[in-house]
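Here is a short note to read alongside the model. Keep the viewer open and check each point as you go.

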Protein chains: 4
Amino acid sequence: MTNIKFVNKIYRFREVKGKWVLLEMLIIKNMQSCIDACKECLQACEECFTLCLREADVKSRVNCIEMLRDCVDICELAIGYMSRGSKYAQDICNTCATICDACAKDCEMFQDAHCKKCAEICRRCADECRKMNMAMV
Amino acid sequence: MTNIKFVNKIYRFREVKGKWVLLEMLIIKNMQSCIDACKECLQACEECFTLCLREADVKSRVNCIEMLRDCVDICELAIGYMSRGSKYAQDICNTCATICDACAKDCEMFQDAHCKKCAEICRRCADECRKMNMAMV
Amino acid sequence: MTNIKFVNKIYRFREVKGKWVLLEMLIIKNMQSCIDACKECLQACEECFTLCLREADVKSRVNCIEMLRDCVDICELAIGYMSRGSKYAQDICNTCATICDACAKDCEMFQDAHCKKCAEICRRCADECRKMNMAMV
Amino acid sequence: MTNIKFVNKIYRFREVKGKWVLLEMLIIKNMQSCIDACKECLQACEECFTLCLREADVKSRVNCIEMLRDCVDICELAIGYMSRGSKYAQDICNTCATICDACAKDCEMFQDAHCKKCAEICRRCADECRKMNMAMV
């Protein structure tokens with residue numbers, strides 16, 4: 001946290017003025033909870049991927065399995081961009097929110113525990129990604 | 001290529017009509033050249049990253065080094081999304097074009113061979129990513 | 001957790017006998033704490049990377065910055081392999097332990113807060129990776 | 001290529017003596033062909049992944065699909081480590097060879113064009129990874 005805080009201070013001080021400090025704190029707070037949400041989402045999608053492949057109705061899960069794959073990769077990217085305080089973290093989180101929502105929508109079609117759990121975690125991750133973007137506007 | 005072609009056929013036939021075939025061929029053509037551009041860009045940025053770290057004026061290259069890092073990661077993502085024919089390949093290529101252009105801009109500030117080469121490759125990659133998106137509209 | 005548990009059960013039952021159950025529980029326990037350690041390490045290294053680039057003695061940190069880069073990438077890989085219960089999770093964690101230790105060694109050379117914190121986290125991650133491998137022997 | 005060449009020279013000169021120059025050229029040659037093989041393998045596995053998911057006998061392809069996934073990720077890692085001239089490129093290529101061979105073995109069980117093509121490409125990639133390691137001994 002303190003590192004991220006420091007990283008963000010560097011960026012803010014370079015670009016803007018003291019009146020931004022409040023907004024900055026908001027960004028930092030959102031950033032860590034967004035990083036945590038992406039970490040949780042990445043793992044839930046990997047687990048759900050392995051389990052969907054073993055379900056009796058795997059044939060009806062092709063889109064879901066592909067969405068889980070896409071969701072893992074974009075969450076991984078978002079974690080990296082946010083953790084190192086990239087200028088493009090917002091853009092990535094924006095796309096991450098879209099893909100997490102799409103992944104949740106596909107998981108919600110299935111009744112098993114892992115898809116239900118994964119859908120919830122994807123929705124929460126999408127919300128965190130959107131919140132972070134609003135804070136950064 | 002034939003695999004990607006097949007993959008895209010699957011998607012087209014599911015969503016649209018025969019009159020799309022021409023557009024589809026265009027997509028496929030663009031997709032492989034875009035994948036190749038991203039592969040080249042990823043490697044050029046990794047090489048440029050290692051060499052920038054060893055330049056005498058490394059202090060003035062901090063932003064460039066960070067952009068190279070971001071560019072590697074988004075190119076990696078784009079290669080994966082396109083190669084498996086993801087529905088979200090366009091969105092990723094869109095962001096990839098933005099980040100490749102920003103990376104080229106930073107590399108163009110320096111006169112050494114590796115930054116000049118990397119900037120050219122980043123611009124070409126950005127163009128390929130935009131072309132692919134136009135084809136997919 | 002329950003997903004991972006289930007995933008691991010699938011693999012154990014496929015390969016081995018009932019007397020392995022105890023060992024299996026150990027693996028699962030270790031696996032989640034190893035995944036968590038890799039997630040923490042990945043973020044600490046990304047943060048330390050950004051901050052090392054801004055230190056006055058950046059020239060003397062080239063190896064450290066490169067190690068941080070390698071460490072981020074292998075932790076990311078290990079998180080994915082473990083989360084989806086890959087047969088090769090052990091091999092990856094083995095290499096991950098080696099690279100985390102090397103990264104810690106480089107970070108320990110510097111006195112700033114972020115390198116000290118990062119070194120500790122890398123050591124803990126290396127230990128978790130080794131523990132997981134022992135459990136899986 | 002010239003960048004990689006340069007990168008490797010940096011490392012050699014730092015650690016060893018002039019008599020290494022010949023070996024070094026060998027490393028460089030192998031490194032670029034190994035990077036290319038990993039790039040080709042990564043794409044072939046992503047394509048094969050998408051197509052295996054759509055085969056009538058998808059249930060019998062679960063292990064193959066999981067191997068393809070692991071193979072994509074380790075090839076991605078190897079490309080990055082080699083491209084930036086990491087000290088750990090050998091270790092990663094070693095593991096990459098093991099996983100590419102395992103992936104080829106699974107793909108060889110199926111008669112469709114994409115699995116046959118993918119198996120060949122995985123074998124070639126495994127050979128390149130082993131050759132690079134020999135050169136670096």
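**Notes on the helices**

1. Start with helix H3 of chain D, residues 62-83. It has 22 residues and reaches 32 Å from its first C-alpha to its last, close to the 32 Å expected at 1.5 Å a residue. The expected span is 1.5 Å times one less than the number of residues. Helices (H or I, at least four residues) and strands (E, at least two) are DSSP runs, numbered from the N terminus.

2. A word on the basis. This is a predicted model, in which local features need pLDDT of at least 70, side-chain atom pairs count only at pLDDT 80 or more, and totals for chains, interfaces and linings use all residues. Residues are numbered from 1 along each chain as its sequence is written, chains are lettered from A and ligands numbered from 1 in the order in which they are written, and side-chain values use heavy atoms, with hydrogens and water left out.

3. H3(D) is mostly covered, with 21 of its 22 residues buried. Buried means under 20% relative accessible area, exposed over 50%, and partly exposed in between (1.4 Å probe, protein chains only). D:Gly85 follows H3(D), and its phi is positive, near 65 degrees.

4. Now chain C. H3(C) covers residues 62-83 and reaches 32 Å from its first C-alpha to its last. It is largely enclosed by the rest of the structure, because 21 of its 22 residues are buried. C:Gly85 follows H3(C), with a positive phi near 65 degrees.

5. How do H3 and H4 of chain B pack? Their angle is about 155 degrees, and their axes are 9 Å apart. That makes H3(B) roughly antiparallel to H4(B). Axes are lines fitted to C-alpha atoms, for helices over the stretch in contact, and angles run from 0 to 180 degrees between N-to-C directions. Angles under 35 degrees count as roughly parallel, over 145 as roughly antiparallel, 65 to 115 as roughly perpendicular and the rest as oblique.

6. Which residues of B:Thr95's surroundings does it touch? Leaving out residues up to four places away in sequence, B:Thr95 touches A:Asp91, A:Ile92, A:Thr95 and B:Ile74. Contact means heavy atoms within 4.5 Å. B:Thr95 lies in helix H4 of chain B, and it counts as buried at 10% relative accessibility.

7. Last, chain A. It has five helices and zero strands. From the N terminus on, its elements run α-α-α-α-α. Of its 137 residues, 64% count as buried.
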